[in-house]
Amino acid sequence: MRFISIFFLCFLSMPALAIELKGNFTQGGYVYGQVEKGQNIYLNDSKINTDKDGYFLFGFNREYPETATLTIKNERGEITETKKLKIKQRDYNIERIDGLPPSKVTPRTEEQQAQISKEWTIKQDAYKDIQSGNGFTQKFIQPVEGRFSGFYGSQRILNGEPRRPHFGLDIAAPKGTNPMDYIGTPIKSPADGIITLARKNMYFEGNMVFIDHGQGLVSIMMHLEDINVEKGEHVKQGDIIGTLGMTGRATGPHLHWGLRLNGGIHLDPQLMIEDNQSYAYND
Ligand SMILES: [Zn+2]
């Protein structure tokens, strides 16, 4: 009996166990972990969603500041742990082009404009269609072999006017090969997931597929030649979801692979296939 009470005293006086976080503490990265039942997790005072098994994830967008505060509360709302996180800041490739003649882009027709806004709504609805599953805990695989031709975060400033940054990784035909021969190359799902969008002939994106890897972490695959999956379908890492193409507004055959969390946080898919994930707290 005496032994037991000493045991419990020791147990109670131990500091709260730190939860383990895995992922990339980097702009464009995401981090995941698991809390126990009843525990709630907050990032800078915003509550982070946890699934039925206590899994959570959160991401850092392109401009995320250098520090963030993580707080864990118990079921009574008492803070059990606070951690300062350090987020690695990145330099992006910014290209300034001045002295361009005023844009000669033909204005879009009313019909094209209507198509664009309709498709915008369809995409927003798909982002809200959040799935369970934890493909996000896997190490991602590269969906197709090739040459990286466009990178996350890069931006062009034309005549002093910043354009929307490029949010994704472009994969094009390997050097020394005919780009046209690259059309039809199978594209693999980078991780397990559920298809939340499979739509053809979109104005910008062409044939496009969304794969939700769990909790709203979505791979966005654009400009496909063919689509091999349907909305609602479960896919495993490595399953073929379609083939590479140049549909939509693409200047050549390539895969644009985007990664978003909860529709609004743009992440860098390239980080997910590299061996640079840091483990546990980063302080
Ligand atoms: Zn792209």
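In the predicted model, the area buried between domain 1 and domain 2 amounts to about 1,800 Å², and carbon and sulfur atoms give 58% of this area. On the side of domain 1, the residues that lose the most area to domain 2 are Tyr30, Leu57 and Arg62, which together account for 37% of what that side buries. The two partners are defined by the domain assignment of the chain, which places domain 1 at residues 2-86 and domain 2 at residues 94-279. Their C-alpha centres lie 31 Å apart, and the contact takes 21 residues from domain 1 and 24 residues from domain 2.

With regard to polar interactions, the count of salt bridges between domain 1 and domain 2 is zero, whereas six residue pairs are found in polar contact across the interface, both members of each pair being at pLDDT 80 or more. The elements that give two or more residues to the side of domain 1 that touches domain 2 are the strands β1 (21-23), β2 (30-34) and β5 (55-59). Of the contributions to this side, the largest share, five residues, comes from β5. When the residues of domain 1 that touch domain 2 are sorted by class, nine are nonpolar, nine are polar and three are charged.

The side chain of Gln39 reaches the backbone nitrogen of Glu36 at a distance of 2.8 Å. When residues up to four places away in sequence are not counted, Gln39 touches Ile72, Lys73 and Thr80, residues that fall within the bounds assigned to domain 1 (2-86).

How values were computed
Residues are numbered from 1 along each chain as its sequence is written. This is a predicted model: local features need pLDDT of at least 70, side-chain atom pairs count only at pLDDT 80 or more; totals for chains, interfaces and linings use all residues. Side-chain values use heavy atoms; hydrogens and water are left out. Domain bounds come from an automatic or database domain assignment. Contact means heavy atoms within 4.5 Å. Buried area is the accessible area (1.4 Å probe) that two parts lose on being put together, summed over both. A salt bridge is a side-chain nitrogen of Lys or Arg within 4 Å of a carboxyl oxygen of Asp or Glu. A polar contact is a pair of N or O atoms within 3.5 Å; within protein, one must be able to donate a hydrogen and the other to accept it, and residues adjacent in sequence count only if both atoms are side-chain atoms. Helices (H or I, at least four residues) and strands (E, at least two) are DSSP runs, numbered from the N terminus. Ala, Val, Leu, Ile, Met, Phe, Trp, Tyr, Cys and Pro count as nonpolar, Asp, Glu, Lys and Arg as charged, and the others, Gly among them, as polar.
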